[in-house]
Amino acid sequence: KSSLVQSVVEYLDVAGAYMIQKKFDEISQERPMSVVIAAFDDLCHSMSKNNSPQELHAIVVELMQVFGAQLSALVRLLPSVAMIMPNMNAQFGDYGQDAEINMTSVYFILQLFARVISSKLHPIMIFLDDLQWADETSLDVIRMIVTDPDIRYCLFIGVHRDNQSSSTNRVKKLLHGIQEQGVSFMAMRIGPIEKENANALLSETLCLPPRLCQSLSTIIHNKTGGIILFVMNFLKSLNEEGLLWFDLSSRRWEFDMRGIEAKEISDDVVEHISDRMTRLSHGMQSGLKLSACLGSRFDAETLLKGIPQNDFDIDEFLRFSIESGYLREISSGKFMWAHDQIQQAAYELIPVTRREAFHLLLGSRMFLSTLAEMDDVLFTIVGNMNIGIRLMKSQQQKLEVARLNLRAGEMAIASSSFNSAAEHLMIGIALLPDDSWVEEYDLTIRLYDAASEANYVTGDFGTLASIIQMPLLHARCLEDKLCTYNVLVRYLIASGQLREGISKSTNVLAQLGETLPEHVDNTLYAEEVELVKRSLMDLSEDDLLNLPLMTDERKLACMQFMNIVMSAAYCVEPLLSPILVFRMVRLSIDHGVCNISTFAFGLYGAWLVSAVNSDFEGGYRMGFLAISLMNRLEANEFIPRVYTSVYGFINIWKEPFQAGQVKCLEGYDAGAMSGDTEFAVSCLFQYASCAFHSCGEDIAMLETSLRLYIRRAIQCKQEYSAKTLVVLHDLILRFMGSKEISYSIFFDTNEEAFYQEGLEKSLMSLCRYILHKRKFLAFFNGDMDVSAESFEIASRYYTGTNARLSHFAISTVIDGLIAFFFARKHQGNENRWRKTGEAVVNLTRQWATNSNWNFINKLYLLEAEHFFLNNEDTKATEKYKQSIKAAHDHHFIHEEGLAFERAAWFHLHYGRHGEALVSFTESKKCYEKWGAHGLVNYIERTILNLF
């Protein structure tokens with residue numbers, strides 16, 4: 001294995017690759033994710049030594065461009081980054097000091113860092129050994145990096161033993177997750193060496209011709225199975241026992257063939273090495289046993305804390321272990337085992353019946369000697385104590401270990417190591433006495449609260465369900481139940497029980513004094529609107545910006561619960577979502593602002609510009625307020641939510657569609673950095689949807705990006721957002737003329753199954769979007785009956801607030817074009833279709849008044865179709881020309897093509913075949929520039945059929 005990896009390392013080293021090499025181990029009590037983080041930190045150290053100043057400068061510049069203000073988070077996570085930036089403090093301030101980092105962003109930070117440093121000239125190789133001992137969080141980090149579609153020049157080599165069933169299952173899960181996301185890998189089984197190789201090894205080791213070693217190598221291969229470590233240690237034991245020796249007279253190695261052949265040894269290398277270790281002195285054996293319990297790497301100071309008084313001399317032990325090949329010194333005072341099997345052999349020196357006691361005593365000694373500065377070795381202490389908890393008899397000792405597990409669990413949560421946290425916290429709960437809710441209330445409630453959070457994040461809903469009711473039954477007051485209720489509501493929503501989650505949140509809000517209506521009718525809706533408007537009536541934007549901070553814990557809890565269920569309400573209770581917004585705004589005015597208030601004001605602005613109001617100026621000012629308040633409160637964790645409301649729902653009615661695109665991508669980065677993956681992915685959808693429907697960006701490039709966005713959404717376990725992206729991706733594939741089916745690529749299903757699932761789960765927004773996609777595709781391909789059918793079905797889905805993304809505006813314009821088409825058909829419903837089209841014209845005229853750039857070309861096109869309906873030839877002709885010119889001037893290439901196409905049908909109606917052919921040809925050119933080859937084919941077929 002080592003030889004194979006080294007050959008790859010040598011090849012990549014010549015190619016200028018960066019190397020990341022670390023290993024996991026079974027007994028290590030290091031903090032979760034520490035191995036992966038340490039590997040990247042070591043890489044920074046290596047880069048600072050091996051790169052030229054010019055190369056380092058280029059890396060620094062790119063790091064600053066990519067991370068921006070979040071560079072502090074990178075430096076805090078990987079301190080050795082500072083070595084790449086020797087003048088960082090002088091030029092940019094002390095990035096590492098006081099940097100606020102939400103450790104749920106660790107995945108994203110490492111992904112971004114890997115994207116920056118990996119390139120065709122400098123690929124990265126990540127080699128992680130003994131994956132079977134890796135913690136779940138580390139494996140998840142590996143999965144995120146390996147499957148990141150933006151990291152193109154990365155080779156990952158993972159090594160694991162497949163004889164550890166439970167651990168091997170974790171590795172299989174990792175590989176399955178990698179393969180599911182379309183990343184290919186090659187599996188290689190590394191077995192023992194063949195007899196010929198064993199003979200060559202002995203020949204080189206003993207400096208004898210191969211023919212003289214043949215008989216010896218055959219015996220040794222038979223006894224060791226060809227396992228290299230076993231072969232080398234067997235040779236050492238033969239030398240120690242006098243069966244293999246160097247003869248000074250003959251000046252060559254000699255061996256006792258009969259004695260070697262008669263020697264009985266274990267067929268297990270660990271057992272063989274352990275047997276050799278039993279011949280050492282008591283002190284050396286004691287040192288090996290203690291060191292084995294500290295993990296694959298440890299420092300002398302930690303070992304010293306665990307040594308019984310006068311048991312052995314630590315310096316003598318370390319020197320002997322290095323000379324014997326058991327340990328290696330990797331830096332001053334820091335050591336690692338030469339091989340994991342040697343560590344395991346040392347651990348086997350501890351009798352199985354005494355291991356629990358040994359670990360408990362070791363943990364206890366370390367605990368007593370490190371009371372003042374425990375954090376650095378806390379996981380080592382707790383890990384050893386936990387192995388021996390069965391032997392604890394004193395309830396006081398159990399409580400002390402429960403407190404240590406709580407401390408370790410909370411530290412793990414702070415570093416986003418939720419799997420490790422859940423394990424420690426559940427052990428802590430198991431150590432509690434039956435009367436803990438009475439006698440140890442504070443410890444008990446903290447353990448249950450933290451364990452509920454950890455199990456929720458890890459998705460262990462079974463364990464969560466087994467503990468979540470206890471605090472609700474035994475907590476002394478509502479305030480002590482709020483954390484559990486918070487987790488319960490999130491669990492219900494995450495598991496698809498959206499209505500149940502809303503119901504539970506409503507019950508909690510009622511207990512907090514914020515009663516929400518069970519049913520929202522027009523009268524109640526109007527009352528809520530009046531109340532929020534009255535609250536805002538006499539307040540200027542400066543007044544709102546300078547509101548005091550919210551300090552009432554109950555009101556803060558109300559804001560949290562309404563924030564949690566906002567998206568769920570939008571999906572299944574659309575009439576409730578504006579009520580939640582109004583309440584959040586009123587709470588902020590009456591009781592002060594908090595970070596969530598920034599989102600509330602942004603959503604209120606989105607409501608102001610909605611179809612109910614169309615108060616574009618008021619909404620625009622409220623959006624500006626939301627961003628200003630976010631900056632004042634430094635509520636960076638709310639960037640994706642605020643950007644979603646402001647740049648997705650509000651500014652599109654005032655500013656050019658293209659202007660907000662970069663903010664959507666910034667929102668994704670900020671959400672990924674803060675851990676708000678729900679709204680981070682929402683920002684990606686807003687970007688992609690606006691790029692396609694509104695901006696007319698090159699759809700071939702957009703299609704490539706969408707594949708990445710879908711994979712990111714799946715990576716972040718945002719299934720709902722991934723599905724909306726898939727709907728958009730499939731629409732783009734159809735426009736491109738591709739035969740691929742996005743539903744099949746990413747979810748192994750079809751569109752109708754998506755739609756039916758949306759109906760079953762009351763995911764009305766998903767259903768509406770699928771209907772929009774069908775209408776859009778049918779309209780552009782000339783299938784007007786299908787487009788009308790989709791229009792009719794979609795009109796039945798009530799949206800509540802009618803909050804509108806940019807694709808909603810485009811969809812409305814298409815509705816108007818469909819309406820005018822059918823009004824011209826004179827099929828008996830002409831008047832209804834005419835009214836629908838005229839209503840869209842009036843609405844678009846209102847939009848164009850506020851944003852001429854975005855909507856004037858659409859208004860001209862609708863007016864042209866209206867004049868066409870009224871047989872006003874000259875006026876229609878002029879409006880088509882105006883629409884084409886405005887679309888061209890505002891860089892809406894797709895809508896320029898549409899205007900040419902509609903003009904072609906108009907000219908054809910009046911028998912102007914020459915003008916029609918010219919217009920169809922120009923339409924085809926626009927669609928070609930857009931990349932919509934499916935539409936190009938449609939126009940070509942139309943021309944062939946008509947001319």
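This is a predicted model: local features need pLDDT of at least 70, side-chain atom pairs count only at pLDDT 80 or more; totals for chains, interfaces and linings use all residues.

Reader: Is serine 787 buried or exposed?
Author: Serine 787 belongs to helix 43, which covers residues 784–794. Its relative accessibility is 0%. Buried means under 20%, so serine 787 counts as buried.

Reader: Which residues is serine 787 in contact with, leaving aside its neighbours within four places in sequence?
Author: The residue lies in helix 43. With neighbours within four places in sequence left aside, the contacts of serine 787 are Lys775, Ala778, Phe779 and Ile818.

Reader: In what sense do strand 1 and strand 2 pair?
Author: Strand 1 spans residues 18–23, and five of its six residues are buried. Strand 2 spans residues 124–129, and isoleucine 126 in this strand stands opposite isoleucine 20. Six bridges join strand 1 and strand 2, and the sense is parallel.

Reader: How many aromatic pairs does a search of the whole structure find?
Author: Ring pairs also link residues into a cluster, made up of Phe692, Phe735, Phe776, Phe779, Phe780, Tyr927 and Trp930. For the whole structure, the number of aromatic pairs found is 44.

Reader: What kind of aromatic pair do phenylalanine 461 and tyrosine 491 form?
Author: The ring centres of phenylalanine 461 and tyrosine 491 are 4.8 Å apart, with 70° between the planes. Planes over 60 degrees apart count as edge-to-face, so the pair is edge-to-face.

Reader: Where in the chain are phenylalanine 461 and tyrosine 491?
Author: The two residues are 30 residues apart, and their pair links distant parts of the chain. Phenylalanine 461 is partly exposed at 24% relative accessibility, whereas tyrosine 491 is buried at 18%. Phenylalanine 461 is in helix 25 and tyrosine 491 is in helix 27.

Reader: What kind of aromatic pair do phenylalanine 616 and tryptophan 653 form?
Author: Phenylalanine 616 is in helix 34, and tryptophan 653 is in the loop between helix 35 and helix 36. Phenylalanine 616 is buried, with a relative accessible area of 2%, and tryptophan 653 is buried at 0%. Their centres are 5.7 Å apart with 35° between the planes, and the pair is tilted.

Reader: Which ring does the charged end of arginine 476 sit over?
Author: Another arginine, arginine 832, lies over the face of tryptophan 833, at 4.7 Å from the ring centre. For arginine 476, the charged end is 3.9 Å from the ring centre of tyrosine 441.

Technical notes: Residues are numbered from 1 along each chain as its sequence is written. Side-chain values use heavy atoms; hydrogens and water are left out. Helices (H or I, at least four residues) and strands (E, at least two) are DSSP runs, numbered from the N terminus. Buried means under 20% relative accessible area, exposed over 50%, partly exposed in between (1.4 Å probe, protein chains only). Contact means heavy atoms within 4.5 Å. Two strands pair if DSSP finds at least two bridges between them. Rings of Phe, Tyr and Trp (its six-membered ring) pair if their centres lie within 6.5 Å; planes under 30 degrees apart count as stacked, over 60 as edge-to-face and the rest as tilted. A charge sits over a ring if NZ of Lys or CZ of Arg is within 6 Å of the ring centre and within 35 degrees of the ring normal.
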